Amino acid sequence: MHASVMKIVMRNLTMLIAAGVFLTGAVSCNDDSLEKKKAKLKELKAEAKELDTQIDSLTLEISAMDSTFGRNDANIVQVTVLDMQPDDFAHRIEVRGAVESRRNVMLSAETSGRIQDINVQEGARVKKGQVLVELDASVIRNNIGEVKTNMELAETVYKRQKNLWDQKIGTEIQYLEAKNRFESLKSRLNTLYSQLDMANVKAPFNGRIDEVPARLGEMVAPGMPLVRIISPGDMYIQADVSERYIGRFDEGDTVIVRFPALNKEITTTISSVSGVINRANRTFSVEVKLPKVDFTVKPNQVAVLNITDYTADDVLTIPTKLIQRDSEGVYVYRLNNKEGDKVAEKVHIETGTSYDGMTEVVSGLNSGDSIIDKGAREVTDGIQVKLVQSAGVTAGM
């Protein structure tokens, strides 16, 4: 059947070639008139048109009998596919934060006075209770000496008056006056000792001196900064998160922390989530534990927090770059078999959350579907494709 059809095609082509040769000879003949040449050309064009019609008709008949007839595999779009399989999906947000320390303190004077001694300098290691700065307390010391002298006399009078009173000698008022004077001076002495202690700025914990704004001989007042002391212990990371993420984080959630300046990264957890929104910037604070690390971390150092705010188990995901859009929504191309040929099938899908180049597929695809990856932008719905090689990865996280 095929051979007879091909014979007809070849015969018609031969006639067309012969007609072309004849036309050439006719044109070259100087004896023919112009009108005869025009008439012959018109006749040949009509014959060529008839031959084209016959060729197209035969081509359709042959294609119906043989699907491979006339196909040029070089023009078929070559594609790779991703096999859809359920997997876990997580969405994360990045938040800029900073390293904080509960032992990063600027010490100040508790009383007024002139700086008499500065016992430390930047970088010095100090222990809890160590005197860092001393104020001139000569007036207080003089007062202490005077009160001590008066208190010694008051104590002697009190004891003697008490002995007399115990023997029922003298009046009760004399005894009470002596007792009151002694106890009043004793209380006054304790107050002076407290004031003397306030003249010394002491380290509240073990640490390192980071800054010493104090200057020898300078007059200071309560609250004036004198020494900054820091300790590497009890450090944490604090970040402000937009109120749109309220309820998405809990204490104990895993956080990936990156230190851009050091190109270092650690994994830790959330230690607390603030329950108050900042009116100024509509954020709430998140505190993250800072475990012991093998590199230097300092207060106020920038840290980038990668926090998981959404998770889903056993869901289908696809690379976001494969998703296309038309008037009906978003779609991808699925590989399908049609009468033994591989074709691209346009499938509209419903998507969910996207993160890190992957998008969650809510509906439209099933587990086991093959999604066209490479070549997805070159195909159209129903076009025949050639699967050259499987992408070798699963469409999932």
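Strand β18 and strand β19 (residues 341–355) run antiparallel, with 9 bridges joining them. Strands here are DSSP E runs of at least two residues, numbered from the N terminus, and two strands pair if DSSP finds at least two bridges between them. Keep in mind that this is a predicted model: local features need pLDDT of at least 70, side-chain atom pairs count only at pLDDT 80 or more, and totals for chains, interfaces and linings use all residues. Residues are numbered from 1 along each chain as its sequence is written, and side-chain values use heavy atoms, with hydrogens and water left out.

- On the β19 side, valine 332 has valine 347 as its bridge partner.
- The β18–β19 hairpin has 2 residues between the strands, and glutamate 339 takes a positive phi near 55° there.
- Strand β17 (residues 324–326) also runs antiparallel to β18, through 3 bridges.
- That pair is a hairpin too, joined through 2 residues, and aspartate 326 stands opposite glycine 329 of β18.

**The open sheet**

- Going across, the order is β4-β11-β9-β6: 4 strands in an open sheet with antiparallel pairing.
- β4 (104–108) and β6 (125–126) sit at the edges with a single partner strand each, so one side of each has no neighbour in the sheet.
- Inside this sheet, β9 (residues 207–211) and β11 (residues 225–230) share 3 antiparallel bridges.
- Glutamate 211 finds its bridge partner in arginine 228 of β11.
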